[in-house]
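Subject: A structure for you to explore

Hi,

Here is the structure I promised to pass on to you. Have a look at it first, and then read my notes below.

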Amino acid sequence: MSDRTLTAADTPVAGPPATGTPHVDAGDAGYRKDLKSRHINMIAIGGAIGTGLFLGAGGRMANAGPSLFIAYAVCGVFAFFVVRALGELVLYRPSSGAFVSYAREFMGEKGAYTAGWLYFLNWSTTAIADITAAATYAHFWAMFSDIPQWVLALIALAVVLTANLISVKYFGEMEFWFAIIKVAALVIFMLVGIFLVVTQHEVGGHTPGLSTITDNGGVFPVGVMPMLLLIQGVVFAYASVELCGVAAGETENPEKIMPKAINSIMWRVGLFYVGSVVLLALLLPYTAYSVDESPFVTLFDKLGIPGAAGVMNLVVLTAALSSLNSGLYSTGRILRSMSMSGSAPKFTGVMNKGGVPYGGILLTAGFGVLGVVLNYVMPGEAFELVLNFASIGIIGTWGMIMVCSLLFWYRSKDGRVTRPGYRLPWAPWTQITTLVFLASVLVLMWMDDGISRTTVNCLPLIALALVGGWFVVRKRVRTLATERQDA
């Protein structure tokens, strides 16, 4: 399969159909449609519930107090807009290259190159955050306390990498069960939390309820600004919501499966993220939480139920491995799409007999090894450092998705494409508002001291690296484009 111009009769039809599709991505060839409806639904859940909630919420609660739920709610709305925009593009043309493929169609090869490498920045640094989180969780148990953090990080990477390289079916099954564990744990936590609040059962010497908030400084105990400054970290919590769009290229009937999976993200965000943070604030004073421990583990530890904290720690360890699993999967597909057009190394386009683009997966895992080194050099600061760089990649990725959605909307106005029945509401204002929000997150990151400002100050270096990389690959990109036109 190669990129080519399609006639109206050749256009893939999905009901309600989108017509006028002018593009087929060469990177979509060779994949197996082994992901089922249950896989996609749970991948969507897993993407909306990750390390950013299970580990990151503890430190953010300690820094901003109960107002953290506002940050989660606001970022959740924009995360939904992003995945809804991507869902519309998926129904227009499903592709494992996802937004990189759409950027190629609407913005040209430079747009695809930029979108792809920003996404790689996101997941290569997120992989480091995930293995760091996994190693941090493992230290909760005495049997692992004497093992260096970098060794545990290396073990976590090796286990997930091995499973990811076998086949997409293994990835789907692993993510399916990872997501079930995460959802079950959150449901149990919320039921226990509601019971404790209703019965006023003492938790760690505190009586749960509104008084836990009002007697400890209220919703904004340290002011509004700390909550705003934490938004870049909260954005990281939603970093995987776009994963279901990538997975659509390896599933049958995405036009039936995707809308249901995407629409359910909104209530999941409200229930699991916002609801969990509100319950955490009602159960214990915000000062009881810390950056070094999952807030859920903190709570169950305070309850004193034998083994409960250990079980919850196992769950949050699963969440970290789930996120790592998703990152290796998605970057493998994105890098293959880029490789087939010349904007990524040739080896990232290679697939094994199981239809897995193992070259791109190994490249991402290679950066995970750098994370192992980082855990050796600075184990205390590794998570926060890579989280900020991951946030830059996420902001760039979400921005590219919304730009593609905006260009798609403009093309629909002059009849060059027809939007599917499943659409991003209130276009083009939704895209514009989301882009403004993403820009404001960068401003907030710069206003923060320390690592956040340093990360934003690195943006010129990231831009310089992208420009330099383009000059390296542009000859091959043009050669492959010419070959496709002549085919």
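Predicted model: local features only at pLDDT ≥ 70, side-chain atom pairs only at ≥ 80, totals over all residues.

Let's start with a charge over a ring, meaning that NZ of Lys or CZ of Arg is within 6 Å of the ring centre and within 35 degrees of the ring normal. Arg-453 sits this way over the face of Trp-446, at 4.3 Å from the ring centre.

Residues are numbered from 1 along each chain as its sequence is written, and side-chain values use heavy atoms, leaving out hydrogens and water.

Now the whole chain. It has 20 helices and zero strands; these are DSSP runs numbered from the N terminus (helices: H or I, at least four residues; strands: E, at least two). Of the 487 residues, 60% are buried (under 20% relative accessible area; exposed is over 50%, partly exposed in between, with a 1.4 Å probe and protein chains only).

Next, the aromatic rings. Rings of Phe, Tyr and Trp (its six-membered ring) pair if their centres lie within 6.5 Å; planes under 30 degrees apart are stacked, over 60 edge-to-face and the rest tilted. The whole structure holds 17 such pairs. Why is the pair of Phe-176 and Trp-177 edge-to-face? Their planes meet at 85°, with the ring centres 5.1 Å apart. Trp-409 and Tyr-410 are also edge-to-face, because their planes are at 70°, and their centres are 4.9 Å apart. Trp-409 is buried at 14% relative accessibility, whereas Tyr-410 is partly exposed at 45%. Phe-78, Phe-81, Trp-426 and Phe-437 make up one aromatic cluster.

Then there is helix 5, residues 98-107, with nine of its ten residues buried. Phe-99 is one of them, and its contacts (heavy atoms within 4.5 Å) include Leu-86, Tyr-119 and Ile-401, leaving out residues up to four places away in sequence. Just after the helix, Gly-108 has a positive phi of about 90°.

Last, Leu-442 in helix 18, residues 429-447. Is Leu-442 buried or partly exposed? It counts as partly exposed, because its relative accessibility is 23%. Beyond its neighbours within four places in sequence, Leu-442 is in contact with Ile-392, Ile-395, Val-456 and Leu-459.

Enjoy exploring!
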